[in-house]
Amino acid sequence: MMMQLLETPKQKNSLFNAMNRFMGAVNDMDQTILVPSLLRDVPLEEDREMGGLKSDVDEGDMYSYYELLKSIRSDMEWGVRCASADERHTESMKIIRSHSSASTCSSASACSSISSSSASFSEEEDEGEDEDLQKQFQFHLTGLQGVLSKLTQQANSLTKRYKQELGIGGWGQ
């Protein structure tokens with residue numbers, strides 16, 4: 001179990017604390033929901049907080065959200081699933097093979113002139129990208145914090161709703 005630290009006002013918006021809040025909410029949800037199968041076929045529409053937090057899950061019941069949140073927690077703890085990594089590795093191997101068979105130079109001078117012109121072009125691109133890295137980082141960090149905040153709300157709402165369904169709404173508060 002993760003030890004939760006007190007947050008100072010400056011740390012409240014840190015990525016680490018957003019991740020910690022999400023992990024804590026999902027752990028609380030997981031400890032509260034002892035019989036996940038009771039969530040099957042319980043629609044989300046009744047809860048206004050959950051209704052606004054739609055995802056790509058088509059089923060739309062509380063059980064699917066429970067599984068989604070646990071899956072995201074697992075991805076955060078252990079990294080992206082191995083199947084995705086295997087697919088990317090296979091795809092990159094296909095790309096490497098196609099480039100290596102298609103790119104052959106007939107003379108050493110032709111190869112050196114191609115590589116020197118592409119190197120100068122690549123340096124110019126890198127400089128432009130470096131200027132933009134901070135903006136890209138801020139954009140993605142803000143987006144990630146927003147997503148984690150919504151997922152934390154979703155886990156808390158799911159836990160609250162489960163307690164209401166069982167008639168234990170006032171316990172543990």
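Helices are DSSP runs of H or I with at least four residues, numbered from the N terminus. The model on display is predicted, so local features need pLDDT of at least 70 and side-chain atom pairs count only at pLDDT 80 or more, while totals for chains, interfaces and linings use all residues. Residues are numbered from 1 along each chain as its sequence is written, and side-chain values use heavy atoms, with hydrogens and water left out.

**First stop: Ser64.** Select Ser64, which is found in helix H3. Ser64 counts as buried because its relative accessibility is 7%, and buried means under 20% relative accessible area (1.4 Å probe, protein chains only). Display the side chain of Ser64, which reaches the backbone oxygen of Asp61 at 2.7 Å.

**Second stop: the core.** A nonpolar core is a set of buried Ala, Val, Leu, Ile, Met, Phe, Trp, Tyr and Cys residues joined through side-chain atoms within 4.5 Å. The largest one has 20 residues, and those touching the most other members are Phe22, Met29, Ile33, Leu39, Tyr66, Leu69 and Leu158. At least two core residues come from each of helix H1 (15-32), helix H3 (62-78) and helix H5 (108-166). Helix H1 gives the most, with six residues.

Now select Met29. Which residues is Met29 in contact with, leaving aside its neighbours within four places in sequence? They are Tyr66, Leu69, Lys70, Ala155, Leu158 and Thr159, where contact means heavy atoms within 4.5 Å.

**Last stop: Leu38.** Select Leu38 in the loop between H1 and helix H2 (48-51). Leu38 is partly exposed, with a relative accessible area of 45%; exposed would mean over 50%.

Key:
A polar contact is a pair of N or O atoms within 3.5 Å; within protein, one must be able to donate a hydrogen and the other to accept it, and residues adjacent in sequence count only if both atoms are side-chain atoms.
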